[in-house]
Amino acid sequence: MKCKFCKAKMSRSDNLCTECGRLKSKPLEPIPDYSGREKGKSERFFTMGKNYFYKYILFPLILIPGAGMMGYVISLMIFDNNNAIADTLLMCAGAGALVYLILAAITASKCYVEVYRNCIEGRIPTKIPCFTKRFIVYYDDIIRVNMHGVGMSMGNVKRSSDSYPGFVLVTDFGAIDIKGLNDSQAAEIYAHLHAYRRK
């Protein structure tokens with residue numbers, strides 16, 4: 001099972017999360033109403049379209065033609081060289097792949113993170129492919145930032161071999177998992193958060 005606050009893995013027998021230190025029995029707080037709060041001056045805007053293109057679109061573009069030809073040959077073998085059935089299956093698979101690529105491209109173009117003096121907001125993908133959700137979190141509500149795949153040493157951020165690091169904002173009303181950041185973006189956002197939360 002996972003901790004409902006920080007999404008870290010924990011055993012069912014554990015009552016305390018080893019990652020964020022909160023009790024499993026503690027209820028989630030409702031998401032705060034930020035309608036009356038000022039966001040302050042925007043500091044940096046991070047688009048994630050290019051990251052998603054390389055991760056979710058470029059690889060399928062390379063893979064689909066090869067997979068389609070293999071599927072066509074296998075279909076011919078299964079259906080005793082019946083070209084009509086094999087052609088139909090290939091066209092359906094091609095249409096499905098095209099729809100996926102178009103939706104993935106639209107999703108990628110919408111995703112961003114913007115850092116303000118007192119909050120961070122953006123649009124990130126959901127667990128359901130090709131869907132996005134908006135988020136806004138004020139620094140006062142952030143308990144901790146969980147980062148994976150970004151090298152940290154003596155306060156200096158090093159480049160990691162992981163091109164798509166994990167970046168999770170842990171709050172009392174749940175964890176915001178910002179997927180799609182590259183290494184340098186995650187490091188820069190962390191530096192902004194660290195600087196502004198100390199003020």
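A: A pocket is an open set of points on a 1 Å grid over the protein atoms alone, where a 1.4 Å probe fits and protein lies on both sides within 12 Å along at least five of seven lines; lining residues have an atom within 4 Å of a point. The model is predicted, so local features need pLDDT of at least 70 and side-chain atom pairs pLDDT 80 or more, while totals for chains, interfaces and linings use all residues. Residues are numbered from 1 along each chain as its sequence is written, and side-chain values use heavy atoms, without hydrogens and water.

H2 supplies the largest share, four residues. By class, the lining of the second largest pocket holds 11 nonpolar, two polar and two charged residues, where Ala, Val, Leu, Ile, Met, Phe, Trp, Tyr, Cys and Pro are nonpolar, Asp, Glu, Lys and Arg charged, and the others, Gly among them, polar.

The largest pocket contains about 460 Å³ of space. Among its 17 lining residues, Lys7, Lys127, Val168, Asp177 and Lys179 are the closest to the centre. Here the elements giving two or more residues are strands: S5 (142–148), S8 (166–171) and S9 (174–177). S9 gives the most, with three residues. The lining of the largest pocket divides into six nonpolar, four polar and seven charged residues.

Turning to the sheet, four strands form an open, antiparallel arrangement in the order S1-S2-S3-S4, with pairing defined as at least two DSSP bridges between two strands. Strand S1 (42–47) and strand S4 (132–138) are the edges, each pairing on one side only. From one strand to the next the twist averages 10°. S1 and strand S2 (residues 112–116) run antiparallel and are joined by five bridges; Thr47 stands opposite Tyr112 in S2. Helix H3 (residues 183–197) packs on this sheet, touching S1, S2 and strand S3 (119–125), contact meaning heavy atoms within 4.5 Å. The direction of H3 makes about 160° with that of S1, on axes fitted to C-alpha atoms, for helices over the stretch in contact, with angles from 0 to 180 degrees between N-to-C directions.

Note on methods:
Points joined across faces, edges and corners; volume = space filled by probe spheres on them.
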